[in-house]
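Please keep the sequence and the 3D view at hand while reading.

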Amino acid sequence: MNIPTTKFFDARRYCLKKNADLVTISSAEENTFVLNLAHIRAPDKYYLWIGLHGDSRNRFRWLADGTSASDGKTFSNWKAGEPNGGSVENCGHMLLMKDQDHGKWNDLPCDTPNKPIFACERILI
């Protein structure tokens, strides 16, 4: 997990340079793990980029492997009513604030001024 805050594609470039990618979350347990890690490493931050990218029809895929996060067949943890950004909000992040949406996913513009932190994940083969 990296602490500097940045735009989505800058965060992804950083991960790729480390032979990793933005984190893919495939279960409720992994979602909780990433959420807890974010709170330990950056307790004052509200947003965490995850490896989700979408299109203008709000279809989101995990960048690392192209798996859908919008088809209802795989784990997802979208906040109610999300994703909803169409062609404006195409980058996925996890909400870190401690409220009812804690740990839920949302879509934001990829260059949002909120500058989320980010988590990289390296798959070992």
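## Strand pairing

Two strands are said to pair if DSSP finds at least two bridges between them. Helices (H or I, at least four residues) and strands (E, at least two) are DSSP runs, numbered from the N terminus. The structure is a predicted model, in which local features need pLDDT of at least 70, side-chain atom pairs count only at pLDDT 80 or more, and totals for chains, interfaces and linings use all residues. Residues are numbered from 1 along each chain as its sequence is written, and side-chain values use heavy atoms, with hydrogens and water left out.

Strand S4 is joined by 4 bridges to strand S5 (residues 105-108), and the two run antiparallel. Within this pairing, Met94 has Trp105 of S5 as its bridge partner. Of the 5 residues of S4, 5 are buried, so the strand is largely enclosed by the rest of the structure. Buried means under 20% relative accessible area, exposed over 50%, and partly exposed in between (1.4 Å probe, protein chains only).

## The chain as a whole

The protein chain contains 2 helices and 7 strands, arranged along the sequence as α-β-α-β-β-β-β-β-β. Its C-alpha trace spans about 35 × 30 × 30 Å along the principal axes.

For 125 residues, a compact globule would have a radius of gyration near 14 Å, and the 13 Å of the protein chain agrees with this. That radius is taken over C-alpha atoms, and the globule rule is 2.2 Å times the number of residues to the power 0.38. Buried residues account for 45% of the 125 residues. Among contacts (heavy atoms within 4.5 Å) between residues at least 6 apart in sequence, 70% join residues at least 24 apart.

## Backbone exceptions in the loops

Most residues other than glycine have a negative phi, and most peptide bonds are trans. Asn19, in the loop between helix H1 (8-17) and strand S1 (21-22), has a positive phi near 55 degrees. This residue is exposed, with a relative accessible area of 63%.

Asn58 lies in the loop between strand S2 (47-54) and S3, and its phi is also positive, near 60 degrees. Asn58 is partly exposed, at a relative accessible area of 21%. The peptide bond from Glu82 to Pro83 is cis, with omega near -5 degrees; Pro83 belongs to the loop between strand S3 (60-62) and strand S4 (91-95).
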